[in-house]
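Reader: I have a chain open on my screen and would like to know what stands behind the words used for it. Could you take me through them?

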Amino acid sequence: MILEGKRILLGVTGGIAIYKVVHLASRLTQGGAQVDVVMTEAATRFVAPMTFQAVTQRAVYVDPWQPIPDGEHARIAHVHLARSADLFIIAPATANTIARLAHGLADDLLSSIALSCAAPWLIAPAMESHMWASPATQANVAILRDRGVTFVGPVAGHLASGAKGVGRMVEPEEIMEAARALLGRNGPLAGRRVVITAGGTREPIDPVRYIGNRSSGKMGVALAQAARDLGADVVLIHGPLQVPVPWGVEARYAETAQAMYEATMAILPETDVLIGAAAVADFRPAEPAADKVKKEEAQELVIRLVRTPDILAEVGRRRRELGRPRVVVGFAAETRDLIAYAQEKLHAKNLDMVVANDISAPDAGFAVDTNRVTILRREREPEPWPLLSKDEVAERVMQEVVVLLRQTEGMDDG
Ligand code: CTP
């Protein structure tokens with residue numbers, strides 16, 4: 001996991017959204033990060049430093065003159081904290097703190113630390129909507145953005161005043177997502193475009209009904225996150241999803257097999273890696289009705305189906321002329337003869353790798369969080385992986401992709 005061993009400096013300022021940041025600090029710590037919390041005086045009025053200390057298992061800094069264990073005081077410690085951080089998160093960030101950061105003030109520990117911190121900054125604002133919309137705040141945000149600072153939110157919703165509007169801090173999960181993306185941005189896939197098809201497709205019968213499937217899109221979304229965490233520029237071409245599109249991933253909606261085919265072909269010349277994780281319908285109704293089909297007196301209804309384009313097979317053909325994508329990965333979901341069918345797909349579709357899963361097993365396949373897969377590569381024996389979460393499968397698949405990419409490019413150079 002990308003958070004493992006990372007040093008995160010978490011600046012906490014005085015807003016009611018602070019209660020969600022306790023959860024964030026806990027999640028970051030559980031993910032393996034070392035989280036050093038610096039609070040403003042105002043923040044301590046909402047939550048005691050002890051709370052953050054308990055969830056991070058580390059000292060919390062507030063007072064610039066507070067002694068720290070090695071005999072220094074925190075004003076000196078801040079230089080060390082700031083220099084050693086891999087990421088600086090400020091959440092919740094009040095309008096006042098954003099202003100102080102934009103103008104380089106150093107009138108408390110948090111703002112002093114910020115001046116010494118060269119790590120990427122991630123700011124999650126939280127304030128009343130009129131404060132967020134004010135020209136002063138917007139100008140301060142623009143200054144920080146110009147300096148390369150990343151903002152996550154605020155979003156519209158219920159505010160502390162009881163009003164509704166834009167100013168609400170995003171949920172901790174979204175801050176986590178953005179943190180992962182920033183920590184990985186110089187990873188082994190930096191500067192690479194990874195395109196992933198995900199979710200199921202819907203083939204219309206009439207304006208109301210469709211033929212669909214049980215795909216939740218979880219595997220494709222996990223792959224998108226894993227690719228993003230390795231620094232890739234990720235495009236997710238997706239049908240209906242039961243999970244949200246991850247932060248930092250470009251989403252393109254394609255409802256039918258044909259739409260997904262067109263979206264994939266359009267982006268192919270700029271694609272380094274293509275992963276087909278979508279459950280694409282192999283057939284569609286030949287003539288979808290323009291109006292809703294009425295049952296009237298009919299006792300049965302026959303719908304004629306015709307084949308849809310095989311997206312991955314076409315990618316496999318075109319890569320021969322285009323030289324792109326460099327790496328193509330497919331999935332095979334089967335209920336019997338898993339390895340034989342998956343092997344056939346590897347060759348027939350000109351793929352580098354197939355992730356095969358036996359969807360008859362209760363812990364694998366559609367709409368569950370785990371997967372038990374076997375990996376097939378050219379000229380290699382099939383490699384069964386243990387039962388893993390879909391996130392772990394995704395991380396391991398992307399590590400394989402990095403290896404495959406190096407191999408193909410090594411061959412080109414040679
Ligand atoms: N795929 C695709 N376009 C299609 C159908 C499938 O890109 N029209 C991709 C899937 O995203 C997946 C792989 O191809 O990566 C699955 O291969 P496929 O042979 O189509 O599997 P099934 O649909 O299960 O087909 P079959 O009935 O041949 O088993």
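Predicted model: local features only at pLDDT ≥ 70, side-chain atom pairs only at ≥ 80, totals over all residues.

Reader: Where is Arg228 placed, and which residues does Arg228 touch?

Author: Arg228 belongs to helix H10 (residues 218-229); helices (H or I, at least four residues) and strands (E, at least two) are DSSP runs, numbered from the N terminus. Contact means heavy atoms within 4.5 Å. Leaving aside residues up to four places away in sequence, Arg228 touches several residues, including Glu177, Arg180, Trp247 and Val249.

Reader: What makes the pair of Arg228 and Asp229 a polar contact?

Author: A polar contact is a pair of N or O atoms within 3.5 Å; within protein, one must be able to donate a hydrogen and the other to accept it, and residues adjacent in sequence count only if both atoms are side-chain atoms. The contact of Arg228 and Asp229 joins their side chains at 3.0 Å.

Reader: Which polar contact does the side chain of Glu128 make, and what does Glu128 touch?

Author: The side chains of Glu128 and Ser161 are joined by a polar contact of 2.7 Å. Among the residues that Glu128 touches, not counting those up to four places away in sequence, are Leu159, Ala160 and Val166. Glu128 sits in the loop between strand S5 (121-125) and helix H7 (129-133).

Reader: How do you know that Glu128 has no salt bridge?

Author: A salt bridge is a side-chain nitrogen of Lys or Arg within 4 Å of a carboxyl oxygen of Asp or Glu. For charge, Lys and Arg count as positive and Asp and Glu as negative, while His and the chain ends are not counted. The nearest side chain of opposite charge to the buried Glu128 is Arg168, 9.8 Å away.

Reader: How many salt bridges does the whole structure have, and what makes Arg209 and Asp206 one of these pairs?

Author: A search of the whole structure finds 28. In the pair of Arg209 and Asp206, the closest N and O atoms are 2.6 Å apart. Arg209 is partly exposed, with a relative accessible area of 36%, whereas Asp206 has 4% and so counts as buried.

Reader: What about Asp272 and Arg324: why is one called buried and the other partly exposed?

Author: Asp272 has a relative accessible area of 6%, so the word is buried, while Arg324 has 24% and therefore counts as partly exposed. Their salt bridge has its closest N and O atoms 3.4 Å apart. The two residues link distant parts of the chain, being 52 residues apart.

Reader: What makes Glu334 and Lys345 a salt bridge, and where do they lie?

Author: Their side chains meet at 2.4 Å, N to O. Glu334 is in strand S17 and Lys345 in helix H13 (residues 338-348), 11 residues apart. Glu334, at 11%, is buried, and Lys345, at 26%, is partly exposed.

Reader: Why are S3 and S6 said to stand at the edges of their sheet?

Author: The open sheet has six strands in the order S3-S2-S1-S4-S5-S6, with parallel pairing. Strand S3 (60-61) and strand S6 (150-151) each have a single partner strand, so one side of each is left without a neighbour in the sheet.

Reader: How do you know that S1 and S4 pair, and what about S7 and S8?

Author: Two strands pair if DSSP finds at least two bridges between them. Strand S1 (residues 7-12) and strand S4 (residues 87-93) have four bridges in the parallel sense, and Leu10 stands opposite Ile89 in S4. Strand S7 (residues 155-158) and strand S8 (residues 164-168) pair over four bridges in the antiparallel sense, with His158 opposite Lys164 in S8.

How values were computed:
Residues numbered from 1 in each chain as written. Heavy atoms only, no water. Buried < 20%, exposed > 50% of the residue type's maximum accessible area, 1.4 Å probe, protein only.
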